[in-house]
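Please keep the sequence and the 3D view at hand while reading.

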Amino acid sequence: MKLIFLGPPGAGKGTLAARAVALLKVPHISTGAIFRSAIAAQSTLGLKVKAVIDAGKLVDDAVTIELVKERLAQADAQAGYILDGFPRTIPQAEALSAFSAADKVVNFDIPDGAVLERLGGRRVCRNCGVNYHIVFNKPKNEKVCDACGGEIYTRDDDREEAVQKRLEVYRAQTAPLIDFYRQKGILIDVDARPSVDEVVENFKKALGV
Ligand code: ADP
Ligand code: ADP
Ligand code: ZN
């Protein structure tokens with residue numbers, strides 16, 4: 001199954017994707033995670049995108065589209081995928097439709113207040129990328145990843161100023177994709193407000209799996 005996860009920053013896309021991977025046996029492809037590993041590795045791509053990401057703005061369409069095109073050409077993505085955080089603009093969605101047709105687009109339905117609460121407490125493992133939350137999903141030790149022992153940190157773009165910018169960018173550039181995919185008849189809405197377990201159930205029901 002080829003899925004797109006669409007929703008504001010902090011809606012819980014990455015968290016649900018980690019659970020859905022086990023269920024659907026498809027790879028989780030997060031453009032944000034790919035950019036963060038490129039930054040950590042100080043690759044050419046990483047050096048190019050770091051300032052833009054830290055400011056809460058979007059990476060260029062051309063760079064992002066090329067990256068996804070190459071990733072989706074790999075063997076593990078042929079039977080399906082979960083695309084998390086791509087597309088984020090209409091030009092990205094149009095480009096994607098020329099090289100891969102998604103079966104369904106999952107729209108994470110969540111009010112701004114909940115998003116702010118989730119982003120404000122988000123922590124991430126620097127080594128394996130797993131997400132935690134200081135209230136809703138605490139690691140056993142606040143500085144150490146339960147899964148791999150890596151260091152837990154706060155993303156630079158989860159700082160207050162960057163969060164405001166990301167929400168503005170979401171409204172202006174990404175929210176129009178809801179209608180874009182609704183018109184194509186492949187959008188499904190999932191209530192993303194309740195606990196992770198309940199969101200997983202809402203997702204399964206909406207998708208019929
Ligand atoms: P979140 O899920 O919190 O919104 P992501 O990890 O998906 O964050 O993305 C982090 C940042 O990486 C974005 O704010 C943006 O700067 C960049 N990014 C990720 N995906 C895209 C994309 N499809 N187009 C442009 N920039 C992107
Ligand atoms: P996104 O990928 O959409 O930016 P994440 O999956 O990183 O969102 O989730 C944002 C934050 O909210 C993380 O700290 C995560 O642990 C937490 N979170 C995710 N889903 C839920 C949920 N259903 N209830 C409470 N907190 C959640
Ligand atoms: Zn880890």
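Does Q42 count as buried or exposed? At 60% relative accessibility, Q42 counts as exposed. Here, exposed means over 50% relative accessible area, buried means under 20%, and partly exposed lies in between, with a 1.4 Å probe and protein chains only.

## Basis of the report

This is a predicted model, in which local features need pLDDT of at least 70 and side-chain atom pairs count only at pLDDT 80 or more, while totals for chains, interfaces and linings use all residues. Residues are numbered from 1 along each chain as its sequence is written, chains are lettered from A and ligands numbered from 1 in the order in which they are written, and side-chain values use heavy atoms, with hydrogens and water left out.

## Loops and backbone angles

Q42 lies in the loop between α2 and α3 (44-54). Helices (H or I, at least four residues) and strands (E, at least two) are DSSP runs, numbered from the N terminus. Although Q42 is not a glycine, its phi is positive, at about 50°.

K25 also has a positive phi, near 55°, and is a residue other than glycine. K25 is found in the loop between α1 and β2 (28-30), and it is exposed, because its relative accessible area is 69%.

Ligand 1 has 20 residues around it, and T31, K57, R88, R122 and R166 come nearest. A residue is near a molecule if one of its heavy atoms lies within 4 Å of it. By class, this shell has 6 nonpolar, 6 polar and 8 charged residues. In this scheme Ala, Val, Leu, Ile, Met, Phe, Trp, Tyr, Cys and Pro are nonpolar, Asp, Glu, Lys and Arg are charged, and the others, Gly among them, are polar. Helix α2 (residues 31-40) gives the most to the shell, with 4 residues.

Several arginine side chains make polar contacts with ligand 1; a polar contact is a pair of N or O atoms within 3.5 Å, and within protein one must be able to donate a hydrogen and the other to accept it, while residues adjacent in sequence count only if both atoms are side-chain atoms. An oxygen atom of ligand 1 lies 2.5 Å from a polar side-chain atom of R166. For R36, an N or O atom of the side chain is 2.8 Å from an oxygen atom of the ligand, and for R155 a polar side-chain atom is 3.1 Å from one. Taken alone, ligand 1 exposes 550 Å², and the protein buries 96% of that. Such accessible areas come from the Shrake-Rupley method with a 1.4 Å probe, and for residues only the protein chains shown count as cover.

## The surroundings of ligand 2

Ligand 2 is surrounded by 18 residues, the closest being G10, K13, T15, R122 and Y132. They divide into 8 nonpolar, 7 polar and 3 charged. A backbone N or O atom of G12 lies 3.0 Å from an oxygen atom of ligand 2, and a polar side-chain atom of K13 lies 2.8 Å from an oxygen atom of this ligand. A nitrogen atom of ligand 2 is 3.3 Å from an N or O atom in the side chain of R118. The protein covers 92% of the 560 Å² of accessible area that ligand 2 has on its own. The elements that give two or more residues to this shell are α1 (13-24), β6 (131-133) and α9 (196-207).

R122 is placed in strand β5 (residues 122-125). R122 counts as buried because its relative accessibility is 12%. R122 and I134 are 12 residues apart in sequence, and their C-alpha atoms are 6.7 Å apart in space.

H133 belongs to strand β6, and it counts as buried because its relative accessibility is 8%. A polar atom of the H133 side chain lies 3.1 Å from the backbone nitrogen of F136.

## Aromatic rings

The structure holds 3 aromatic pairs. F180 and Y181 form one that is edge-to-face, with 5.0 Å from centre to centre and 90° between the planes. Rings of Phe, Tyr and Trp (its six-membered ring) pair if their centres lie within 6.5 Å; planes under 30 degrees apart count as stacked, over 60 as edge-to-face and the rest as tilted. Both F180 and Y181 are buried. Elsewhere, ring pairs link F5, F108 and F203 into a cluster.
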